[in-house]
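Student: Please take me slowly through one part of this model, and state the cut-off behind each term as you use it.

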Amino acid sequence: MPSKDTSVVIRSATAEDAATCGQIDYDAFTAISSAHGFPPDFPRPEMAIRAISSMFSDPNCYCVVAEIDGQIVGSNVLDERSIIRGVGPITIDPAVQNRGVGRLLMQAVMNRAHDRGAAGVRLVQAAFHNRSLSLYTSCGFDVREPLCCLQGQTRERSVPGCQVRPATPTDEDACNSLSRRVHGFDRAVDLQQAISRGTALVVEREGRVTGYTTHLAFFGHSSSETNPDMQALIASADSFAGPGILVPSRNSALLRWCLQNGLRVVQPMTLMSVGLYNDPAGSWLPSILF
């Protein structure tokens, strides 16, 4: 274990750091989730390592690690695919928590966002984790939306008048325009990558695109004009990848529909932001990043 008297060094992450950071991610989130009676975000270490490895190798992500005595003790990621940046996952080795490592990792990505002219920064935190709420609030983040992470399969498998199909490159303009109407900005790079991976879907109503999702999953986001459009997207999925989808709790009609259709709440979460934030003008599901 590193000495309490040594300083913390923050440096850029490399691909070779992914295995160590992924293991720390698994250990840290499993420890805090288990302590509060919630399932971990990643059931197995290799899943966390795979996710961290993907981020550390993505040129659209700014990744940093924290070291004490030359030993990696934590990491953080800034998603830079949009004018709004997304933070996470930020993880610290349980053996060195409560020593200021998290604050230094947050400062590193916030400085990066500021220097690169980001319009805003967002993150999603586990609502039961008091320390992370305190850290993010002290770093300037405001609570914007309570969320419910939901998992399962809906009893209703379609919504009348709405057709769901895989998204194609020809849908990008319509989806980005929809995102700008709902949120005030688009997530074009994220959408383009999702279409390439084959996880993106669109919903059409009366012959036009009225909603889309990059993936009905923890790391996917969705936007639509109305709740029925979002319900059609949700109903089309046999299951949701990872822990589940994130439904804004204040959208009572959508949340109630999900619960009445058999989806279950996995855990409560909170969307927080710094900088530009517009209350969405439509139905939406954030990703675990924002």
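Tutor: H183 is buried, its relative accessible area being 11%, where buried means under 20%, exposed over 50% and partly exposed in between, with a 1.4 Å probe and protein chains only. The model is predicted, so local features need pLDDT of at least 70 and side-chain atom pairs pLDDT 80 or more, whereas totals for chains, interfaces and linings use all residues. Residues are numbered from 1 along each chain, and side-chain values use heavy atoms, without hydrogens or water.

Leaving aside residues up to four places away in sequence, H183 touches S223, N278, P280 and W284, contact being heavy atoms within 4.5 Å.

Turning to a helix pair, the axes of α7 (residues 227-235) and α8 (residues 252-260) come within 10 Å and cross at roughly 30°, and α7 and α8 are therefore roughly parallel (angles under 35 degrees). From α7, N227, M230, Q231, I234 and A235 meet A253, L254, W257 and C258 of α8. This contact of α7 with α8 comprises seven nonpolar and two polar residues, with no charged ones.

Strand β7, residues 142-151, pairs with β12 in the antiparallel sense over four bridges (pairing requires at least two DSSP bridges), and L150 has I245 of β12 as its bridge partner.

Note on methods
Axes fitted to C-alpha atoms, helices over the stretch in contact; angles between N-to-C directions. Helix = DSSP H or I, 4+ residues; strand = E, 2+ residues; numbered from the N terminus. Parallel < 35°, antiparallel > 145°, perpendicular 65-115°, else oblique. Nonpolar A, V, L, I, M, F, W, Y, C, P; charged D, E, K, R; others polar.
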